[in-house]
Amino acid sequence: MLLENMSMAIHAIKANKMRSLLTMLGIIIGIGAVISIVSIGDTMRFMVSDLYKNVGTNLAYVYVWPKDGGDMRSGDYFKLDEMERIKEAFKDEIVYMDSEANVAGEAIKGRNKIKYKFEGIDSNYPDVKKINIIYGRNISEADIKARKNNVVLEASGAKDLFGTENAIGKTFRTTINNVTSYYNVVGVYRLDLTPIEKMMQESNDTRSGYIPYSLLVWPDDNLFNIRFYAKEGTNMTTFSDKFTSYIARTKNREKEDITFSSTEDEMKSVDSVMGGLSAAVGGIAAISLLVGGIGIMNIMLVSVTERTREIGIRKALGAKTQDVLIQFLTESAILSAFGGILGIAVGAGLVYLGGAILGMHVVVKPSVILTAVSFSAFVGVFFGIYPASKAASADPIDALRYE
Amino acid sequence: MWKKKKSQPVHETEYMGEDLIKLVDMVKVYDTGTIKVLGLHRVNLTIKRGEFVAIMGQSGSGKSTLMNVLGCLDRPTMGHYYLDGIDTANLEPDELSTVRNRKIGFVFQSFNLISRTSALKNVELPMTYAHVNQKAREQRAKELLERVGLGTRYEHMPNELSGGQRQRVAIARALANQPPLILADEPTGNLDTASSVEIMELFSQLHKEGATVVVVTHEEDIAAFTERIIRFRDGKLVSDTKNKPQIQTEEEAVTMQKEGSHAD
Ligand SMILES: Nc1ncnc2c1ncn2[C@@H]1O[C@H](COP(=O)(O)OP(=O)(O)OP(=O)(O)O)[C@@H](O)[C@H]1O
Ligand SMILES: [Mg+2]
């Protein structure tokens with residue numbers, strides 16, 4: 001009987017192809033929109049977590065920031081030797097530490113000029129981030145200690161500046177912290193950017209490079225910030241407490257004056273933003289499906305009226321209330337579920353198309369598809385109840401007489 | 001799939017009494033809100049198993065009203081209607097559906113086939129509601145269509161068939177569940193004479209095989225096929241006579257047509 005109902009429903013839907021399609025349009029658009037928005041959200045979430053996977057989730061930033069809005073004291077900054085002491089004190093937990101300092105400027109060699117943005121790093125930076133050295137070497141411990149003007153340059157920068165990627169031993173001129181001096185290229189590396197990183201790059205004509213972080217101290221050899229990577233598996237919450245206490249003690253500050261932010265926290269806040277987005281999508285979904293459902297109810301009512309005579313015939317031949325009810329419910333459920341499936345095709349199609357165009361890996365979860373189909377079928381049943389019960393309760397003799 | 005109501009397994013009643021239809025002081029009043037129209041007045045009527053009956057009368061005399069009551073589509077306002085031993089007065093709508101499904105085969109003036117649905121599916125329909133399985137249903141529907149001379153038109157849609165062919169599909173459908181009673185309300189009303197004769201011959205054939213057939217008509221030529229003619233006037237049964245069927249062969253039918261007798 002169920003199968004019979006399904007085939008009758010498909011028959012009725014096919015009999016009015018154009019009308020069925022237009023009726024389904026509401027559901028198609030609704031489900032399509034939901035699928036694409038949810039998939040875009042999932043893709044973004046995936047991208048962000050991918051990004052953090054690249055950066056590392058155990059990354060943290062620490063600095064002093066008076067909670068009452070009071071002035072910074074000179075002791076609130078970090079000194080290079082202090083950095084060494086902190087590293088020593090937490091050598092069991094901290095893998096890598098620097099001051100998260102950057103410098104941007106213009107490098108000059110003869111008639112060649114490039115814009116650059118150098119990152120100040122410690123010598124063991126390769127422990128936490130891969131640097132693909134193709135010529136020369138990384139920043140060494142000696143470079144850090146002696147605060148040498150040595151630079152590891154990205155290959156395209158080397159090419160632009162020196163006409164060759166192998167620029168080892170070459171020097172260029174630039175002004176950092178108001179002091180103009182010469183810098184030596186000790187290494188050249190190649191940058192392998194993921195499409196997302198490429199997208200997030202500020203501008204294409206800025207070249208990157210690494211420089212000893214000990215060079216980027218100002219004013220008065222001060223560092224504002226500590227950046228460190230904790231060992232894999234470190235509980236950042238408890239470590240944050242321990243670390244903050246230590247800094248507060250050495251700085252003679254309250255614990256509340258120390259700001260500690262980890263990528264874990266950031267990821268949580270990204271997730272909560274995504275959660276908010278999901279809620280908004282849920283709202284859109286609810287409204288569009290409501291509209292789609294009303295469309296289905298409307299057309300089912302028209303269909304029931306048009307087919308009054310058919311209902312009369314069926315009843316005369318022995319159809320019970322329930323038989324007619326289920327027949328029409330099946331029809332509206334199939335109409336709606338079919339709309340849902342088309343909507344998924346449209347939504348997922350758009351997402352994949354967009355992904356293909358942007359060269360991005362997109363995420364369309366099967367669970368989302370399943371939910372969308374069952375939800376649209378549910379909408380069909382729910383909004384089919386009224387028309388179907390109207391059909392089912394028809395009096396056979398009135399229905400047969402209906403012109 | 002759906003459990004039958006336990007209260008009254010109506011169609012399973014094993015009543016094998018002689019009387020298939022028994023109306024006792026049956027009154028039908030139409031209440032239109034403003035006025036009450038008397039459809040039928042104190043009708044007493046018994047039809048035995050295997051009879052071939054014509055119901056006749058002028059327009060508005062109550063023929064269709066009677067058919068609706070006999071067909072369990074409508075309930076009497078007063079009095080009783082026993083069909084195959086069942087008092088239909090106390091049945092719920094769904095129980096009436098079951099009675100119609102198992103006890104009655106309907107043939108309507110306007111055919112009442114389900115549109116955009118094949119002849120085969122139309123014939124299967126009563127069996128679908130009787131929960132006969134797909135295979136048995138299809139096989140029986142094919143047999144029935146063959147029997148009414150439409151063995152090559154299973155998949156035709158109603159609008160691809162002539163009026164006479166449509167009515168034959170309707171008759172095949174009426175026979176689907178082997179009901180004890182066949183009710184036909186002006187079955188030839190929309191057909192030309194030749195088709196009308198074909199249809200009436202089909203009914204005669206069914207009657208000879210033991211079916212109880214009740215045909216409403218206002219044409220004497222049609223009534224002539226039957227063995228008993230009951231006449232109504234203004235909602236009252238006015239005469240009930242035996243008839244010896246006369247026109248039986250194709251030849252005579254052609255003659256009848258030549259004489260200009262015309263169904264309108
Ligand atoms: N649903 C209804 N509401 C009110 N009055 C009705 C209804 N159906 C029939 N009647 C009335 O009952 C009477 C009998 O009608 P019925 O349809 O039984 O006549 P009939 O003999 O079938 O006529 P015809 O040969 O034209 O089909 C008529 O007066 C008609 O107006
Ligand atoms: Mg009538």
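I began with the second largest pocket: H1 (2-15), H2 (17-55), H8 (263-306), H9 (308-316) and H10 (321-358) of chain A, plus H3 (119-129) of chain B, each supply at least two residues of its lining. Helices (H or I, at least four residues) and strands (E, at least two) are DSSP runs, numbered from the N terminus. H1(A) gives the most to that lining, with 7 residues.

Before going on, I noted that this is a predicted model, where local features need pLDDT of at least 70, side-chain atom pairs count only at pLDDT 80 or more, and totals for chains, interfaces and linings use all residues. Residues are numbered from 1 along each chain as its sequence is written, chains are lettered from A and ligands numbered from 1 in the order written, and side-chain values use heavy atoms, without hydrogens and water.

Last, I checked B:Thr88, in the loop between S5 (86-87) and H2 (93-103) of chain B. Buried or exposed? B:Thr88 counts as buried because its relative accessibility is 2%; the cut-offs are under 20% for buried, over 50% for exposed and partly exposed in between (1.4 Å probe, protein chains only).
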